[in-house]
Amino acid sequence: MCSRTRSRSRTGRPRSTEADTAILEATRAALVELGWSKLSMGDVATRAGVAKTTLYRRWANKNELVVDAVAVLFDELELPDLGSLRADIENVVLQFAALLERPETKTALMAVVAESTRDEPLRERIRASIVDRQKRLVLQGRQRAQERGELPAVRDPETVAAGDDLIFDVVAGAVVHRALVSAEPVDPAWVRRLSALLIGGLGAVDEAS
């Protein structure tokens, strides 16, 4: 390690996991209570019991703060190995739907998406902190299905990436639209139909790519 790196690593105070958790929880609570327009860094600091300077050392503005407050919720999603691609898909879709039912998730997600329509840096942060991070679930599901022999192995990295992007878009778009736009239940029967559609199309996606 070079001396410049060592010097930089000692600069500033170490971040507190407890403080970060309190801040992000306070951000989501404030969004539910106040809405995007009335949310302020000062209010979040007061709720979290930290100095406002503590927030600004971590986040430059409330846009960044709210995206991270949403991102940690989506990081709760997991893809347990239930023995089949269909079961894995249905489980994670139901987890996703349950997450969207939580007021703090629904309010925060809708707020940042709406704001990002006129804020390109915010859109890019959403993509990096939420979308790209959650594509790990698609990658895990594909790898498991290939190991079980449920899906053919696709060796071209560009083909795999394009297919995984499409699968993610289909799942995320369908669930968000169903739950937050149409306000229809994401129940087991609907999830079974969605998983059947996905599994039926996966082979075609790989061939077309």
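Which residue follows H3, and is its phi positive or negative? The residue is Gly49, and its phi is positive, near 75°. Keep in mind that this is a predicted model.

Now H3 itself, residues 41–48. Its buried residues are Met41, Val44, Ala45 and Ala48. They sit on the same side of H3, because they cover an arc of only 100° around the axis. What do these buried residues pack against? Three helices: H2 at 17–34, H4 at 52–58 and H5 at 62–74.

Next, the core. The largest nonpolar core has 53 residues, and the members that touch the most others are Leu65, Phe74, Val93 and Val175. Several helices give two or more residues to this core, among them H2, H3 and H5, as well as H6 at 85–101 and H10 at 188–208. H7, H8 and H9 are also among those elements. As a general point, nonpolar side chains in soluble globular proteins tend to be buried together.

I'll take Val175 from that list. Val175 lies in helix H9, which runs over residues 157–181. Buried or exposed? Val175 is at 0% relative accessibility, so it counts as buried. Leaving out residues up to four places away in sequence, Val175 touches Val93, Phe96, Ala97, Leu100, Val186, Trp190 and Leu194. How far apart are Val175 and Leu94 in sequence and in space? They are separated by 81 residues in sequence, and by 9.2 Å in space, C-alpha to C-alpha.

That's what I have; questions are welcome.

Terms used. Residues are numbered from 1 along each chain as its sequence is written. This is a predicted model: local features need pLDDT of at least 70, side-chain atom pairs count only at pLDDT 80 or more; totals for chains, interfaces and linings use all residues. Side-chain values use heavy atoms; hydrogens and water are left out. Helices (H or I, at least four residues) and strands (E, at least two) are DSSP runs, numbered from the N terminus. Buried means under 20% relative accessible area, exposed over 50%, partly exposed in between (1.4 Å probe, protein chains only). Contact means heavy atoms within 4.5 Å. The arc is that of the directions from the helix axis to the C-beta atoms. A nonpolar core is a set of buried Ala, Val, Leu, Ile, Met, Phe, Trp, Tyr and Cys residues joined through side-chain atoms within 4.5 Å.
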